[in-house]
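Try each one on the structure before you read the solution.

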Amino acid sequence: CMADVVIFLGPPGSGKGTQAENLKKEFSLDHISTGEMIRSYLKENPDSPLAIEMKGYVEKGQLVPDKIVVGILDAR
């Protein structure tokens with residue numbers, strides 16, 4: 001099954017989440033936020049090896065590598 005996908009790109013605070021929520025409500029779409037997924041994972045699994053690895057990036061203000069983000073997305 002083919003699905004339409006809209007991806008919002010931009011710096012923090014540029015309105016990506018706000019616009020995604022507006023579209024979600026207007027068109028009954030799913031909203032997937034990798035940032036929210038990472039924060040949730042860190043909160044729910046603080047001592048897991050993956051969380052410890054992600055914290056290293058997050059605490060330095062770096063992006064979590066794509067390989068890790070894709071793994072979290074696959075799990076969802």
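**Exercise 1.** How are H2 and H4 oriented to each other: roughly parallel or roughly perpendicular?

*Solution.* Keep in mind that this is a predicted model. Start with the axes: those of H2 (residues 34–44) and H4 (residues 66–75) come within 10 Å and cross at roughly 85°. Angles of 65 to 115 degrees count as roughly perpendicular, so H2 and H4 are roughly perpendicular to each other.

Next, look at who makes the contact. H2 brings Thr34, Met37 and Ile38, while H4 brings Val69, Ile72 and Leu73. Sort the residues of this H2–H4 contact by type and you get 5 nonpolar, 1 polar and no charged.

**Exercise 2.** Work out where the buried residues of H4 lie around the helix.

*Solution.* First list them: Ile68, Val69 and Ile72 are buried in H4. Now look down the axis of H4: its buried residues fall within an arc of 100°, so they line one face of the helix. Then check what they touch: the buried residues of H4 pack against H2 and helix H3 (49–59).

**Exercise 3.** Ser48 sits in the loop between H2 and H3. Does Ser48 count as buried or exposed?

*Solution.* Buried means under 20% relative accessible area. Ser48 has 16% relative accessibility, so Ser48 counts as buried. One more thing to spot here: a polar atom of the Ser48 side chain lies 3.1 Å from the backbone nitrogen of Ala51.

Technical notes:
Residues numbered from 1 in each chain as written. Predicted model: local features only at pLDDT ≥ 70, side-chain atom pairs only at ≥ 80, totals over all residues. Heavy atoms only, no water. Axes fitted to C-alpha atoms, helices over the stretch in contact; angles between N-to-C directions. Helix = DSSP H or I, 4+ residues; strand = E, 2+ residues; numbered from the N terminus. Parallel < 35°, antiparallel > 145°, perpendicular 65-115°, else oblique. Contact = heavy atoms within 4.5 Å. Nonpolar A, V, L, I, M, F, W, Y, C, P; charged D, E, K, R; others polar. Buried < 20%, exposed > 50% of the residue type's maximum accessible area, 1.4 Å probe, protein only. Arc of directions from axis to C-beta. Polar contact = N/O pair within 3.5 Å; in protein donor to acceptor, adjacent residues only side chain to side chain.
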